[in-house]
Amino acid sequence: MAPPAASADAGMSRAAKRRSKKRQKQLHPNETEDGCTEQSQATRQTPDMKKQKMTAKRRDEVDDTEQEEDIMSLNESELEETREKVAKKSVKSTDKAATLRLPPGVTRLVQLLGDEHDVTSTDRAKHLLSFLLNMPLKHFYKDYFEKKPLLVQTMKNRDRLGGLLDLAAIRTMMQTQKLYYGKDLNVTRYELQKDGVKRRTTLDPVDGDVKKQVDASIWSDFYQQGCTIRLLCPHKHIDPIHALLSNLETEFGCMVGSNAYLTPPDGSQGFAPHYDDIDAFCLQLEGRKRWKVYAPLHMSERLPRVSSEDYVAADLDGVEPVFDVLLEPGDVLYMPRGWIHQACTLPDSNASESQQHSLHLTISTMQQWAWVDLIEIVMPEALQAVATGEFTALREGLPNKFLDYMGTMHHDPDDTLPDILKKKMDESIDDVVEEKRLLKEQFLSQAKKRIALVAKEASNLIDAACDQLGVRFISERLPPALSLKEKARTDAGVCASFNVLPGTMCRIARQGIARLVIDDGKAVLFHCCDNSRVYMEKALNPLEFELDDAPAIEQLLTTVEPRWIMVNDLFHDSIDDKVAVAQALFDEGLLAVYSPSESDEEK
């Protein structure tokens, strides 16, 4: 195995230094800690002596840190006993998941973000989305997802979204964090322009090309000028929102983001009617807001790849909204991409300030995550592969004088022509025209055969294209918001110097946080554990392994809750290789390890 090389500390991953020290010890096993080598050949340890000494040292380290020790022995009967014990626990958890329902007593979304309920991270993600939508996910995906809007109104539990974000938390964030206009938030207003047409105006103060820092004056803009404050990345500072999005990424399998919108009272509106290139889940957290939702005006605007320009009122004249509703705290509105919408607060001068403003959180997903995005990767690569391959079909010259019979000026009579004109055209056809028609048919046939070659090659490249999308997702997604129980099983909670052993039971810390690809004869492992909460703020720092490490890595990445796998059972040539692969992943924060104390706690 070849862990990623690092020539300097700068830019190293959080486990790189630790791996570098271990690698140096492996390369120079007789070198002492002060850098001096042992001179006497007779004093070098035999493999058995070295193994015993290393085992004793590991036990001492475990005792010093009061860490719960994993299975140390390679005795096959003990290993089998451990396998059976953990397998029973996995089966028990699997049976529980098969009949999984929302845990009893859950009245608020934030209750599902912690460890109060013994569920896997995959089931937790399903619980969260099901709780938001107040319906079984099977129903949502079948009847609403990418098809039509969904309105969820919960008059009996207005506090069910409490604890995610409120006005007090926003004020605190602005006081304690350095926020910048255009980067962290926008100030906008939908207002009447000089030409008598309402349009959106962005009021972010600018100082040349330098983004200005937010100060207390923003609140005068908010209340006195009726501006909406849009927080562009609330999950950067608000942990419950980060945890919610991180879990939803597990459910959707693609990037999930969020914006928060704080709108003042008295009929204020921050944005013009428009549609988005994302599926939106609008969570009303405080106050009330009136929403109007319109179906796409044209079929070509259903599930669009890009967001629309702002509409003006005249664009929607005579268009009846599908929804004209009032969202109150606890309500949720889902809109597929392409559905036009606008929202404003209600004029209500008698209410107190805290009741007047509106605060909602928009959760976004499915941006540029469609079949077209996959095929857009596949087709150019397939064309290049066929064009440069052993077959010359695409490199052969075009037929002689094909422009004499191909193109719109040579097209056949349209079927919509009157019969009398068709008859006259048929009567005028001579041998030359007939010859051109035959040549055109031959040309089209040859073109279709060559296109079929490219399509066939494209079908062989689908896995590679999916890997590209997978790496894109890893680079875009949030760092995993592990629960306390999940963290306790990783390098963040077990012990910084934990040594993986052949008997260690382990699995990926959370499903989907890493992806293995083969590139240039190497096994390259991409992961999101070091990602920023800000979109694409950090470049990926992948781990590179030898190709023969790939099967073992694949086993570790595909062993997910509630299952475990023993390091000794990984596919590799030697015990040392198995341990080295698992240790590298554990040091990077990718693996969870099983502690025997978990069984004791259950009892």
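Visitor: What kind of model is it, and how are residues numbered?

Guide: This is a predicted model, where local features need pLDDT of at least 70, side-chain atom pairs count only at pLDDT 80 or more, and totals for chains, interfaces and linings use all residues. Residues are numbered from 1 along each chain as its sequence is written, and side-chain values use heavy atoms, with hydrogens and water left out.

Visitor: How many helices and strands are there?

Guide: The chain has 17 helices and 19 strands. Those are DSSP runs numbered from the N terminus: H or I with at least four residues for helices, E with at least two for strands.

Visitor: And what share of the chain is buried?

Guide: Of its 603 residues, 44% count as buried. Buried means under 20% relative accessible area, exposed over 50%, and partly exposed in between, using a 1.4 Å probe and protein chains only.

Visitor: Let's do helices. Why does the span of α12 agree with what it should be?

Guide: Helix α12 (residues 431–460) has 30 residues, so at 1.5 Å a residue it should span 44 Å, and its end C-alpha atoms are 44 Å apart. The expected span is 1.5 Å times one less than the number of residues.

Visitor: Which of its residues are buried?

Guide: In α12, those are K440, F443, V454 and A458. What covers them includes α10 (371–387) and α13 (462–476).

Visitor: How do α10 and α12 cross?

Guide: Their axes come within 8 Å and cross at roughly 115 degrees. Axes here are lines fitted to C-alpha atoms, for helices over the stretch in contact, with angles running from 0 to 180 degrees between N-to-C directions.

Visitor: Which residues meet there?

Guide: V378, M379, A382, L383, A385 and V386 in α10 meet L453, V454, E457 and A458 in α12. By class, that contact has nine nonpolar, no polar and one charged residues. Ala, Val, Leu, Ile, Met, Phe, Trp, Tyr, Cys and Pro count as nonpolar, Asp, Glu, Lys and Arg as charged, and the others, Gly among them, as polar.

Visitor: Switching to loops: where is V500, and is it buried or exposed?

Guide: V500 is in the loop between α14 (484–488) and β14 (505–508). It counts as buried because its relative accessibility is 3%. Leaving aside neighbours within four places in sequence, V500 is in contact with V567, V579, A582, Q583 and F586. The C-alpha atoms of V500 and K578 are separated by 9.6 Å, though the two residues are 78 apart along the chain.

Visitor: Is N134 buried or exposed?

Guide: N134 counts as exposed, because its relative accessibility is 54%. It lies in the loop between α4 (121–133) and α5 (137–143).

Notes
Contact = heavy atoms within 4.5 Å.
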